[in-house]
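Here are some friendly notes to read beside the model. Keep the structure open and look up each residue as you go.

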Amino acid sequence: MQHSYLAAVVLLSPVGATWSATAAPADIFRSRLDQIQQALPPRFAMRLPTQILLGGPADEEFIQSLRVHVFASDTSPGLTIGLYSCGEGSPFCLIGTFAVASPNDAIVQQELKQHRAAANPIQLTPRIQGYVLDGSTKRPVSMFSSIMWQQDGFIYSVSFAEPERQNMLYMAVSMATGEPIYALNPTLRSRPAETTRSDSRSR
């Protein structure tokens with residue numbers, strides 16, 4: 001049975017977390033917003049959480065040490081933003097990802113279909129429903145759970161390690177209810193995106 005949007009927000013809202021439609025992306029992304037906008041394909045919109053949630057408040061120092069990697073798709077218009085615990089972008093250091101893709105991408109549509117078939121829907125906004133796929137039910141089995149939904153004419157997804165499943169849902173709600181970031185560039189740019197370490201003390 002599907003929960004109402006109000007019930008979903010009450011269940012998903014962690015203590016101390018407040019989100020609004022005008023809230024800015026989390027601090028960890030702010031120094032790279034221009035880069036993200038330039039890396040977005042033409043007429044695309046990206047959504048980011050207003051707060052990165054991992055574990056508990058004690059993890060804030062760890063969160064601020066994470067590295068942000070931006071990847072533009074080589075095969076289909078889209079963008080993936082990964083959070084890593086090391087600077088090399090190694091998959092062994094991956095903490096989680098936020099992505100936007102074209103609804104015309106056959107592979108992404110197949111992934112969305114798998115999420116819907118998992119029968120774990122959640123209301124992100126009054127009109128937008130997300131679909132959760134636990135890593136343990138994926139084939140092959142994955143350490144990462146994910147949520148996908150359609151919004152703005154695109155397909156969005158968030159993926160985090162299984163222990164962060166609830167925090168992943170919190171962040172998905174903040175993405176869906178926040179303001180999108182729009183592409184700046186009139187045409188696709190192929191230059192590789194840079195990597196940065198987030199450090200609020202340097203801003």
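1. Arg47 is buried, at 5% relative accessibility (buried means under 20% relative accessible area, exposed over 50%, partly exposed in between, with a 1.4 Å probe and protein chains only). Please keep in mind that this is a predicted model: local features need pLDDT of at least 70, side-chain atom pairs count only at pLDDT 80 or more, and totals for chains, interfaces and linings use all residues. Residues are numbered from 1 along each chain as its sequence is written, and side-chain values use heavy atoms, leaving out hydrogens and water.

2. What does Arg47 form with Asp152? The two make a salt bridge, with their closest N and O atoms 2.7 Å apart (a salt bridge is a side-chain nitrogen of Lys or Arg within 4 Å of a carboxyl oxygen of Asp or Glu). Asp152 is partly exposed, at 37% relative accessibility.

3. The whole structure has three salt bridges. Another one joins the side chains of Asp134 and Arg165, at 2.6 Å from N to O. Here Asp134 is buried at 16% relative accessibility, while Arg165 is partly exposed at 24%.

4. Asp27 and Arg30 also meet in a salt bridge, at 3.2 Å from N to O. Asp27 is partly exposed, with a relative accessible area of 33%, and Arg30 is partly exposed at 43%.

5. Now for the rings: Phe29, Phe98 and Phe160 form one aromatic cluster. Both Phe29 and Phe98 are buried. Rings of Phe, Tyr and Trp (its six-membered ring) pair if their centres lie within 6.5 Å; planes under 30 degrees apart count as stacked, over 60 as edge-to-face and the rest as tilted.
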